[in-house]
Amino acid sequence: TYDSDALALMENNPDLSERIERLDYGETDPEAIIIDHKDKMAADFPALNEVDYSIKYVPEVLADYMAPAFYLIPPIDATTDNTIYINNKRLGVEERYTTLAHEGYPGHLYQGNYNLGRVSPLRYTIDFNGYSEGWGFYVEQFSYDWTEYAQNDPACADYFKLDNRFGIAVMSRIDIGIHYEDWTIAKTREYLLNYVEFSEEETRDLYRDIAQNPGGYLRYFAPYLKFMELLDKAQEEMGEDFVLKEFHRAILDVGPSYFDEVERAVDRYIATAD
């Protein structure tokens, strides 16, 4: 639905590209952003006791090779060591607010600490990457509506949210194309040119990155779609009994797991409706 959604957004806001160029992205200090996230998320996510954390910056010598930002999962015997790294070379100011929602609150740092004491420590030795990254990408979408610019110009927030989802969807499709359908670099570029101008060199670099990391984008997007499917299901079946905070509690209480377990947890929540 990206094409139709994007077209409708542009038709209703013909000067949107100009407004985006003039946009003030608001707060850029990481500490202040996380405090703002904790305040904005309170209505829709279960409460969590105060958590100690630190924000560090990727050394310049490693900046070309590291992600724009990441939450460093603490050791199982030092669970209070919560650290978020920011890569200033790869994380622009326009992405800082929403990226920190993914890595911090209500993303990885929040989700990981919420589960402490609720699930067996053995679970931390098992990698449920789809749940964790799917949750991070899912909650990141909420943060676009929390931005300062969303209050002043909601269409800009809608654009960035749509663009973010579309970008990960395109990369996920290429991921499938390369690893399941044997796409070549030429086929990858042919697909990309349907949406954006990509040089041959840029396509080669992207192709190599995805080829070396099978499922790298799918671990974000496919679980996100599953969370959205469960959200739609709960809202439709519960009607006025649906409470977003309790839906999130059902997902969080089950902890990182297979999605059949997550779906059963949501079904139990749905069953509480009158």
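Mentor: We begin with a term: contact means heavy atoms within 4.5 Å. F247 touches Y138, F227, L230, L231, A234, F242, V266 and Y269, not counting residues up to four places away in sequence. This is a predicted model, in which local features need pLDDT of at least 70, side-chain atom pairs count only at pLDDT 80 or more, and totals for chains, interfaces and linings use all residues. Residues are numbered from 1 along each chain as its sequence is written, and side-chain values use heavy atoms, with hydrogens and water left out.

Trainee: Which residues have the most contacts inside the largest nonpolar core?

Mentor: A nonpolar core is a set of buried Ala, Val, Leu, Ile, Met, Phe, Trp, Tyr and Cys residues joined through side-chain atoms within 4.5 Å; buried means under 20% relative accessible area (1.4 Å probe, protein chains only). Here the largest has 46 residues, and W135, Y138 and F247 have the most contacts inside it. Helix α11 (residues 218-238) gives the most to this core, with seven residues; helices are DSSP runs of H or I, at least four residues, and strands are runs of E, at least two, numbered from the N terminus.

Trainee: What is the order of the strands in the open sheet?

Mentor: Strands of a sheet pair through backbone hydrogen bonds, either parallel or antiparallel. Two strands count as paired if DSSP finds at least two bridges between them. The three strands here follow the order β1-β3-β2, with mixed pairing. β1 (54-57) and β2 (69-72) stand at the edges, each with a single partner strand, so one side of each is left without a neighbour in the sheet.

Key:
Buried < 20%, exposed > 50% of the residue type's maximum accessible area, 1.4 Å probe, protein only.
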